[in-house]
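Please open the structure in your viewer and keep the selection tool at hand.

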Amino acid sequence: MKYISFLLILFSTTLHAASQPDTTGTPKDSLRKIQLNEVVISASRIAESILKSPVSIEVLDARRIRLSAQPSYFDAIENIKGVQLLTSSLGFKVYNTRGFAATTNVRFVQLVDGRDNQAPHIGAPIANALAPSDLDIQQVELVPGVASALYGMNALNGLVNILTRNPFDSQGLSVAQKTGVNHVGDATVPAKLYSETSIRFAHRIGDRFAFKVNLVYQRGYDWVAGNRDDLNPNGNASLSLFGADNPAYDPVNGYGNEAANRRTITLGGKRYSIGRTGYYESQVTDYRLKNLRGDISLHYRFSPTIELAYTYQGATLDNVYQRTNRFRLDNYRLDQHSLTLTTPSLQIRAYRSHENTGDSYNIRSMAENIDKSFKTDNQWFSDFTNRFNADTQTGLAVPDALRDARSIADQGRPVPGTPAFNDLIAKLRDINNWDIGAALRVQSWMYHVEGQVEPTQVLWKQFRQQTGINIQAGFDFRRYVVFPDGNYFINPTEPGKNLIYGKTGGFVQLSRTFFDNRLKVAGSLRLDKNTYFDARLNPRLSVVYSPADAHNIRLSFQNGYRFPSLFEGFTNINSGGVKRVGGLPIMSHGIYENAYLVTSINAFQSAITTDVNTNKLTTDQAIQKNKGLLKKSPYTYLQPEQVNSFELGYKGLFFRNRLYVDADVYYTAYKNFIAQVNANVAKGTNSDSLAYYFSSSTTQDRYRLWTNSQTRVYNYGASLGLRYSLTQNWSAGGNASFAKLDRADNGDGLESSFNTPRWITNLNISNGNLWRGLGFSVNYKHQDAFLWQSELATGNVSAINTLDAQVSYRVQPLNLLVKVGGTNLTNKYYYTFIGGPAVGGLYYTNLVWEPKF
C-alpha cells in the first residue's frame with residue numbers, strides 16, 4: 001500500500017503543477033512530440049497510444065537506440081525500466097522482468113514482428129541468435145509481467161516484441177561496422193577483438209512490390225566462466241577439512257567433481273566424502289564466438305491497406321549457452337519461414353521454425369567423461385583408497401595423504417591442451433550419450449498459425465458507431481515436433497517416431513470508452529487446450545482513466561498460465577549419474593511413486609558420517625539411528641502453472657510536457673509453480689532395507705524430476721521511470737524498479753528461486769546534437785546483491801555498478817554516423833548469476849553508412 005500511496009501523492013501534486021498555463025512561450029519540444037504520438041501494438045495487439053495502454057509497456061524507439069551507450073538495441077534493452085539482464089556469454093543475453101529469473105527463461109516471450117523466435121525444444125529464445133539486425137529496427141516494445149491473456153503460452157513474466165522496418169517505407173542501403181575489444185587487463189586472457197558487420201538493403205518496385213535483405217556477421221571471444229568458489233565447503237566439516245584440504249572440493253565452474261562424482265568412503269575408520277578431480281570449464285571448451293544471421297522479406301500490396309509478406313530468417317551460431325548445464329554451441333542452426341497477411345481488420349500469420357543443434361556439446365558431460373575415459377569410477381576410488389591407507393600407515397598427515405592419494409589415482413589422466421586431450425574432446429563430442437559422451441544432437445520443429453480480426457473496424461462498423469463497443473478476436477494453433485535422438489529425448493510409447501506436442505486456443509476482447517473518451521474499459525477471455533491437459537480459461541480486465549490527454553491512470557487484473565514446455569514435459573537425459581526426467585506421466589510413470597527427497601538423503605548420510613566420525617558408532621548403528629530422516633517425495637506429475645496479477649499504473653507529462661513519468665505497482669500470486677526436484681529411487685525392492693540402499697550413492701538411482709511446487713507463491717514490486725527534456729536536444733532520465741518475494745504458503749523449497757535483485761536503477765543523460773552533429777550519452781546502472789539458486793550452482797551475486805558511455809558524430813555530407821563508446825567503462829568484472837561468466841569492459845566503435853543514390 002505504501003507504493004500506491006506514493007504514486008497517488010506524486011500524481012496529485014504534479015498534476016496541479018502541470019495544469020498551470022504556459023506563460024513563457026516555450027516551444028513544444030521533441031519529448032512532447034514523441035510521447036503524445038508514440039503508438040504501440042503489443043499491449044493490446046492493436047495500435048494505440050502508449051500513454052493510454054491498459055498495461056505497463058516500455059518502448060525503445062530508433063532515437064533512443066541511436067543515443068544508447070550500448071553497442072546494439074538488444075544490449076540497450078538492459079536499461080529499460082524493470083529489466084533484469086542475465087549474461088550467459090558475450091553473444092547470449094537473457095532478459096526477465098518481475099522475478100523468478102532463469103538462464104533459460106520459459107516465462108518470457110521474445111517476438112519479432114509478432115513471430116515467436118524461440119528454440120522449439122526448450123521453449124525459449126536463443127538470445128539474439130535469430131534477432132533482426134540493428135539496421136532494421138523500427139522500435140522495441142517490452143511488456144513486463146503477465147501477458148498470456150492475449151499471447152497465450154509462456155508469457156507470464158513478460159514479452160518483448162521487436163518491430164522491423166517495412167521496405168515500402170524504409171528503402172535504401174545501410175552498412176554498419178562495429179569493431180571492439182574486450183578482456184582488457186584480464187589476467188587469464190589477452191585482449192581480444194570483436195567485430196560485427198551488418199548490411200541492409202531495401203527497395204520498392206512500383207506501388208505493389210518491395211523487398212529487403214539483411215545480413216549480420218559477428219565474431220569475438222567470449223567472457224570466461226572461471227569462478228572457483230567451493231560449492232561444497234562443508235563436505236568434510238566433521239573431519240575439519242576445509243579449503244584446499246577438502247577432498248570433496250566442487251568449484252562453481254569446475255565439472256566432473258559434483259555430487260554425482262563423489263562417494264563416501266571409509267578410510268582409517270572414518271567416513272570421507274571424496275570427489276573426482278574434474279576439469280575447469282576453460283580447459284574443455286572453445287570461447288570463440290561466431291554468429292552469421294540474416295533474413296529476406298518479400299512484400300506485396302494488393303492495395304494501400306492490404307499487404308502480404310513472406311519472411312525467411314536463418315542463423316548459425318558458435319557460442320556458449322547455459323541451461324541447467326553449460327553448453328558449447330557449434331554449428332548450431334535455427335531458421336524460420338513465415339507468411340503474414342495484413343488488412344485493416346484482419347491479420348493472419350503462419351510460420352515454421354526449425355532447430356538443429358549441429359555439433360554442440362554439454363561442457364559438464366565433456367569434463368566428466370574425459371575423467372572417466374582413462375579410469376572408471378570404481379578403479380579411481382580403489383586406487384585412491386589403497387594409496388591413502390598406505391600413506392597413513394607410514395604416519396603421513398591426513399591432508400598430505402589425501403593429496404598424495406589423488407595424485408596417484410590421477411596418474412594417466414589426460415592433460416588439457418595436449419594433442420591426446422584434444423583428440424578425446426573430438427571423440428566425446430560425437431557420442432550422443434551423456435553417460436559416456438557429451439554430444440547435444442537435437443532436431444526440433446515448431447509450426448504456428450494465428451489470426452486476429454477486428455470485425456467492428458470495417459464489417460461491423462455501424463455496430464461500433466451505435467454501441468461504442470470495439471470487438472477483437474483471435475485464434476492460434478501450435479505444434480512442436482521433436483526427433484527422439486535417444487539421449488535428450490525418447491518416445492516411450494512409439495519408439496523411433498517423432499514426439500508431438502501442441503496446443504490450440506483463442507481469445508475475445510471487448511472494449512468501450514465512456515465519459516467523452518476519458519474512461520476506457522476492456523476485458524478479454526482466452527481459452528487454450530493442450531495435448532495433455534484440459535482446457536484453461538484465462539481472463540484479463542483493464543480500466544484506463546484519462547483526466548487529461550497527457551495524464552492516464554490504469555488498473556488491470558490478469559490471470560495467466562503456461563503449459564509445461566517441451567523440455568519440461570518430455571526430457572529424458574542421462575547426465576553424469578543423474579537422470580533428468582520430464583513430468584508427463586508417459587515419461588516418468590513409476591518414478592514419482594517410489595522416490596525419496598535428496599535433501600533428506602543428504603541429511604541422512606551426513607548424520608551417519610557425524611555419528612561414525614565423532615560419536616564412535618558403527619555404520620549399522622548410525623543407519624538405524626538416523627533412518628527416520630528419510631522422507632518420501634510428495635511430488636507428482638506436472639500440471640500447468642498459473643498466475644494472478646494485479647497492477648496499478650500511471651503515465652503522464654508534466655511541467656509544460658517536458659517531464660515524462662511512468663510508474664506502476666503490482667502484486668502477483670503463482671500457483672503450481674513449475675520447478676525441478678532432486679529425488680532418488682532405491683535400486684533394491686526390499687522395503688526393510690531402504691535405509692541401507694540410501695546410505696550409499698552406489699545403491700540408489702539419482703533423478704531430477706520436473707514437477708510443481710505445492711505452495712502458493714506471492715511476489716510484489718514497483719517501478720518508476722522519469723525522462724526530462726531540458727532543451728530540444730538535452731535529455732536526462734532514470735528509472736528504478738523494486739521486486740520482492742513476499743511469501744510462500746508452506747515453503748516446500750521449490751518456489752524460492754526468485755533470483756532477482758531487490759533494486760535495479762538506471763540514470764542517463766544525453767544530447768543527440770551537442771554541436772554540429774556531435775552527440776553523447778552516459779548511463780549509470782546499479783543492481784543490488786541477491787541470492788541466486790539453480791541446479792548448477794547456488795550463491796550470492798554481488799552488487800553491480802556499471803558506467804556506459806558513447807560519443808557520436810554525424811558526418812552529414814557522407815550520411816555517415818560514427819559512434820565510439822564502451823560498456824562497463826571501469827572494467828570491474830562482475831557476475832550476473834552464479835555459474836555464469838565474469839563480464840568486463842567492452843570498448844567499441846560503430847560506423848553506420850547510409851549512402852544516398
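In what kind of interaction do the side chains of aspartate 662 and lysine 81 meet? Select both residues: their side chains form a salt bridge, with an N to O distance of 3.6 Å. The term denotes a side-chain nitrogen of Lys or Arg within 4 Å of a carboxyl oxygen of Asp or Glu. Aspartate 662 belongs to strand S34 (residues 659-671), whereas lysine 81 sits in the loop between helix H4 (73-76) and strand S4 (83-89), so the pair ties together parts that are 581 residues apart in sequence. Helices (H or I, at least four residues) and strands (E, at least two) are DSSP runs, numbered from the N terminus.

This is a predicted model, in which local features need pLDDT of at least 70 and side-chain atom pairs count only at pLDDT 80 or more, while totals for chains, interfaces and linings use all residues. Residues are numbered from 1 along each chain as its sequence is written, and side-chain values use heavy atoms, with hydrogens and water left out.

**The whole chain**

Of the 853 residues, 57% count as buried; buried means under 20% relative accessible area, exposed over 50%, and partly exposed in between (1.4 Å probe, protein chains only). Among contacts (heavy atoms within 4.5 Å) between residues at least 6 apart in sequence, 67% join residues at least 24 apart.

The structure as a whole holds 47 salt bridges.

**Helix H7**

Next, select residues 363-374, which make up helix H7. Why is this helix described as largely enclosed by the rest of the structure? The reason is that 9 of its 12 residues are buried. The buried residues are Ile363, Arg364, Ser365, Met366, Ala367, Glu368, Asn369, Ile370 and Asp371.

At the start of H7, one of its side-chain oxygens comes to within 2.9 Å of the backbone nitrogen of arginine 364. Arginine 364 also forms a salt bridge with glutamate 368, with the closest N and O atoms 3.9 Å apart. These two residues are 4 residues apart in helix H7, so about one helical turn separates them. Both glutamate 368 and arginine 364 are buried.

Finally, select aspartate 611 in helix H14 (residues 598-614). Which residues does aspartate 611 touch, not counting those up to four places away in sequence? They are Lys616, Leu617, Ala622, Lys625 and Asn626.

Highlight lysine 625 among these contacts: this residue forms a salt bridge with aspartate 611, the closest N and O atoms being 3.3 Å apart. The pair links distant parts of the chain, with lysine 625 in helix H15 (residues 619-626) and aspartate 611 in helix H14, 14 residues apart. Are the two partners buried or exposed? Lysine 625 is exposed, with a relative accessible area of 54%, whereas aspartate 611 is buried, with 4%.

Notes:
A polar contact is a pair of N or O atoms within 3.5 Å; within protein, one must be able to donate a hydrogen and the other to accept it, and residues adjacent in sequence count only if both atoms are side-chain atoms.
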